[in-house]
Amino acid sequence: MALTREQMAQRVARELRDGYYVNLGIGIPTLVANYVPQGIDVMLQSENGLLGMGPFPTPDALDADMINAGKQTVTARKGAAIFSSADSFAMIRGGHIDLTVLGAFEVDVFGNLASWMIPGKLVKGMGGAMDLVAGADNIIVLMTHASKSGESKLLPKCSLPLTGAGCVRRILTDLAYLEIEAQTFVLKERAPGVTVDFIKERTAGALRVSGTVPEMTF
Amino acid sequence: MVGFDKRVQSYSQALEGLVDGMTVISGGFGLCGIPENLIAQIRTMGVRNLTVVSNNCGVDGFGLGVLLEDRQIRRVIASYVGENALFEKQLLSGELEVQLTPQGTLAEKLRAGGAGIPAFYTATGAGTSVSEGKEERTFAGRRYILEESITSDFAIIKGWKADWYGNIVYRHTAQNFNPLAATAGRVTVAEVEEIVPPGELEPSTIHTPGIYVDRLIQGRFEKRIEQKTTRSL
């Protein structure tokens with residue numbers, strides 16, 4: 001069975017370490033915050049200028065001056081800091097963020113990432129995505145393995161305009177956890193009940209499978 | 001003696017000198033911390049052919065979106081746009097030109113512009129369409145592109161509290177691009193929720209020192225929220 005959105009978030013959350021500063025992209029990556037393992041503390045960064053994002057406010061505490069990068073009203077947790085957009089991106093570009101989790105349309109064997117623009121469709125902009133991928137050594141891409149029409153999103157070469165070049169090493173899809181090594185996707189884990197052949201069929205880029213590939217457990 | 005007193009009496013005074021074809025930098029992120037009354041004043045003035053530099057371009061009927069209604073904006077430099085139907089329409093018809101810029105690059109363009117640094121190298125956008133036509137250099141094995149800074153005729157910003165001298169404190173995440181915008185305008189106009197006499201703000205808590213602020217006015221703010229997200233009590 002392919003992983004649910006919640007299971008994808010849960011699996012990525014296992015990569016969190018105590019004391020990590022983390023930036024979570026919009027969509028499924030946001031759910032990772034719900035699965036922070038017990039006994040560890042992470043600080044969520046929101047690129048509009050908040051380090052230490054807390055939960056949504058209660059209705060009586062709604063505050064127009066307190067939002068996250070998705071323009072949702074949020075709170076600041078204990079120990080949070082608030083600063084300008086320049087400081088926020090200094091943290092990001094300076095490589096101070098320990099883990100960045102973001103979605104994508106496509107990833108290729110060179111670690112290229114396409115996530116912001118589909119030619120012919122209205123382009124809304126890259127927001128902070130290009131900065132996040134350029135600044136972080138520690139990126140996890142979280143996306144479905146194939147498009148709704150069944151086409152692989154793990155490619156020999158990205159077909160869409162890039163968000164970042166050579167920036168991805170780790171990918172979690174609804175079918176597998178993979179790493180990129182020597183211009184090859186390396187299959188590290190399978191979703192429960194998903195066969196290696198099933199993953200192979202849906203991976204257009206070079207895929208290496210060595211030994212038995214463990215199943216994820218939840 | 002006026003000295004360092006930056007207060008002006010009206011919104012028309014606040015934006016005196018803003019004419020057709022100028023470049024205006026606006027603070028704010030989404031609708032958070034936007035100088036909503038100064039934007040409304042630009043609409044009232046009817047100046048046209050503006051280049052607007054802002055992270056976003058408002059929504060239909062609020063924020064910078066109101067300047068689209070009478071086609072006052074010719075060009076937008078932003079990181080994320082299109083939360084408004086009118087924007088989309090004018091973009092597709094070619095009335096509006098958009099230069100999409102990565103958010104961190106935009107912030108740094110303003111910060112550097114205000115600091116007298118004409119350009120800087122950044123890894124952001126290297127190897128993507130953003131790098132087209134830009135000088136590329138490699139430092140320590142990593143690719144960087146040269147990005148030019150931004151300054152403007154006017155910068156409009158929104159603060160929480162200010163003293164007469166234009167020392168400004170922002171509230172929560174309404175800070176965002178405002179302190180950067182403040183530094184990059186030839187004329188910087190700030191509107192705030194409360195103006196206090198000098199001496200009432202603790203000097204070490206000032207976010208924007210008054211040297212960057214030319215005109216100051218107290219306004220009343222609607223503070224619209226784009227996405228009201230709450231948890232149950």
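Two strands pair if DSSP finds at least two bridges between them. Helices (H or I, at least four residues) and strands (E, at least two) are DSSP runs, numbered from the N terminus. This is a predicted model, in which local features need pLDDT of at least 70 and side-chain atom pairs count only at pLDDT 80 or more, while totals for chains, interfaces and linings use all residues. Residues are numbered from 1 along each chain as written, chains are lettered from A and ligands numbered from 1 in written order, and side-chain values use heavy atoms, without hydrogens or water.

Start with chain B. Strand E5 (residues 119–122) pairs antiparallel with strand E7 (residues 142–148) over 4 bridges. There, B:Thr122 stands opposite B:Ile145. B:Phe120 and B:Thr122 point to one face of E5 and are buried (under 20% relative accessible area, 1.4 Å probe, protein chains only).

Chain A holds an open, mixed sheet of 10 strands, ordered E4-E3-E2-E1-E5-E8-E10-E11-E12-E13. Strands E4 (76–82) and E13 (207–208) stand at its edges with a single partner strand each, so one side of each lacks a neighbour in the sheet. Inside the order, E8 (residues 139–142) and E10 (residues 170–172) of chain A pair in the parallel sense over 3 bridges.

Now the interface. Contact means heavy atoms within 4.5 Å. By that rule, 53 residues of chain B touch 45 residues of chain A. The count of salt bridges between the chains is 3 (a side-chain nitrogen of Lys or Arg within 4 Å of a carboxyl oxygen of Asp or Glu). B:Arg171 forms a salt bridge with A:Asp65, their closest N and O atoms 2.7 Å apart.

Note on methods. Buried means under 20% relative accessible area, exposed over 50%, partly exposed in between (1.4 Å probe, protein chains only).
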